[in-house]
Amino acid sequence: MSKRAYNFCAGPAALPEAVLQRAQAELLDWQGKGLSVMEMSHRSDDYMAIASKAEQDLRDLLDVPSNYKILFLQGGASQQFAEIPLNLLPEEGTADYVETGIWSRKALEEARRYGNVNVAATARPYDYFAIPGQNEWRLTPDAAYVHYASNETIGGLQFDWIPQTGDVPLVVDMSSDLLSRPLDVSRFGLIYAGAQKNIGPSGLVVVIVREDLIGHARTVCPTMLDYKIAADNGSMYNTPATFSWYLSGLVFEWLKGQGGVAAMEQRNRAKKDLLYGYIDGSGFYTNPIALNARSWMNVPFRLADERLDKDFLVGADARGLLNLKGHRSVGGMRASIYNALGLDAVEALVAYMAEFEKERG
């Protein structure tokens, strides 16, 4: 077998090699049953056990309180942009949104289709290189909820603090940083995350929602988007994304074997410190994000001369350092260093960056 490349893709992202090997071994014949997980009835005892274990492992990893439901839904995080206001925003109510980049902006724009949205804060005055402190926020006292994105995958901007919203439920998009370090779930009313970064393959979104927020969907809310319907049916009102759910469960099992999210925090800290440290010590590469808002998961950087971008990417690909091109909306480079990538991947990237700087700087 050829050596696997280091995949720095923002999503669908790298999966742990051990998980892929396990899925490969079980692909044709799951535990001697003579069929693949992809071929199982989602209501069979075997699959129900797979789904139940995945949920329990996630609950263990994040120490999710008993008064929270964990839902395994379809449509990705982007579908939650509509699903959240349809479930949590009364027709005459107001929802507060904090805009720190492309994904939080998409969320608030979608929410405006269903009700009144107050932009409580925006990173626009900081050119999206810093997060406005909460002293700058203008929150609505009786808001239905406050929404923010903890990590902007494209811009590389991440909160290093949890907003204080009093009795108003806090809703967070954690698509790219859930499971990367410990989290106090009880601080939130609802957490959602597209799977294809730190959880598993695409096709799935995980929603962790406090029970008192379930059961208030608008009458116009489609049945498939009603959290109560999903919760009452164990996320199986219709056929779920069975293979994505199964693979996510293998990732959760792998994470527990690695020492859980506390161990991931130490591993991720070492990776981001190495990469940012090299960038900051270089006169050739730059990262514009404020030090207290730098993403642990998505590291954008630019070369001193953008005319060298293509050559940098060609050389990276030749060395098995894949998917380093920045998002089309911002350009430059971006290294996504999720849980599945080890320190060796970042060491290989930094070694190449040093080599390229020496040759072309």
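I count a contact when heavy atoms lie within 4.5 Å. Helices (H or I, at least four residues) and strands (E, at least two) are DSSP runs, numbered from the N terminus. The model is predicted: local features need pLDDT of at least 70, side-chain atom pairs count only at pLDDT 80 or more, and totals for chains, interfaces and linings use all residues. Residues are numbered from 1 along each chain as its sequence is written, and side-chain values use heavy atoms, without hydrogens and water.

**Helix pair.** I looked up which residues of α8 meet α9. Asp311, Phe312, Gly315 and Ala316 in α8 meet Tyr352, Met353, Phe356 and Arg360 in α9. By class, the contact has five nonpolar residues, one polar and two charged. Here Ala, Val, Leu, Ile, Met, Phe, Trp, Tyr, Cys and Pro count as nonpolar, Asp, Glu, Lys and Arg as charged, and the others, Gly among them, as polar.

I then checked the axes, lines fitted to C-alpha atoms, for helices over the stretch in contact, with angles from 0 to 180 degrees between N-to-C directions. Those of α8 (residues 309–318) and α9 (residues 343–360) come within 11 Å and cross at roughly 135°.

**Sheet.** I found an open sheet of three strands, ordered β11-β12-β14, with antiparallel pairing. Strands pair if DSSP finds at least two bridges between them. The edges are β11 (285–286) and β14 (333–336), each pairing on one side only. Two bridges join β11 to β12 (residues 298–303). Tyr285 stands opposite Leu303 in β12. Helix α7 (residues 260–281) lies across β11, β12 and β14, at about 20° to β12.
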